[in-house]
Amino acid sequence: MSGSDPRRDCAPPPAWTAYRVTYTVAGRAGVRRADVTLVPGYSQESDIPRILAARLTGRPADGRRIVLLDVRAL
């Protein structure tokens with residue numbers, strides 16, 4: 001077998017990625033901040049509004065009311 005397996009040269013994905021999120025809730029005054037941890041294979045950045053909504057209301061479907069202002073990896 002010639003050459004090396006390119007998968008061996010790549011670092012494995014992180015076990016998790018943490019983000020500091022600044023957001024507001026549509027129809028409510030004020031800006032909020034939260035830390036959100038995403039686990040590859042289970043969640044991705046586009047899930048952040050649903051995760052925040054689930055924390056606030058218990059209903060991930062309310063994610064459409066979450067307006068992300070800033071997302072930074074920690």
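1. A search of the whole structure, which is a predicted model, finds one cavity of 30 Å³ or more. The space in this largest cavity comes to about 50 Å³.

2. The largest cavity is lined by Val25, Arg28, Ala53, Leu56, Thr57, Asp62, Arg65 and Ile66. By residue class, this lining divides into four nonpolar, one polar and three charged residues. Helix 1 (residues 48-57) supplies the largest share of the lining, namely three residues.

3. Strand 1 (residues 17-25) is mostly covered, since seven of its nine residues are buried. Strand 1 pairs with strand 2 (residues 32-38) in the antiparallel sense over seven bridges, and within this pairing Ala18 stands opposite Thr37 of strand 2. The two strands form a hairpin with six residues between them, and Gly27 in the turn has a positive phi of about 85°.

4. Strand 1 is also joined to strand 3 (residues 66-73) by seven bridges, and these two strands likewise run antiparallel.

5. Leaving aside neighbours within four places in sequence, the contacts of Thr22 are Val31, Arg32, Arg33, Val67, Leu68, Leu69 and Asp70.

Technical notes: Residues are numbered from 1 along each chain as its sequence is written. This is a predicted model: local features need pLDDT of at least 70, side-chain atom pairs count only at pLDDT 80 or more; totals for chains, interfaces and linings use all residues. Side-chain values use heavy atoms; hydrogens and water are left out. On a 1 Å grid over the protein atoms alone, a cavity is a set of points where a 1.4 Å probe fits but cannot get out, and a pocket is an open set with protein on both sides within 12 Å along at least five of seven lines; lining residues have an atom within 4 Å of a point. Grid points are joined across faces, edges and corners, and a volume is the space filled by probe spheres set on the points. Helices (H or I, at least four residues) and strands (E, at least two) are DSSP runs, numbered from the N terminus. Ala, Val, Leu, Ile, Met, Phe, Trp, Tyr, Cys and Pro count as nonpolar, Asp, Glu, Lys and Arg as charged, and the others, Gly among them, as polar. Contact means heavy atoms within 4.5 Å. Buried means under 20% relative accessible area, exposed over 50%, partly exposed in between (1.4 Å probe, protein chains only). Two strands pair if DSSP finds at least two bridges between them.
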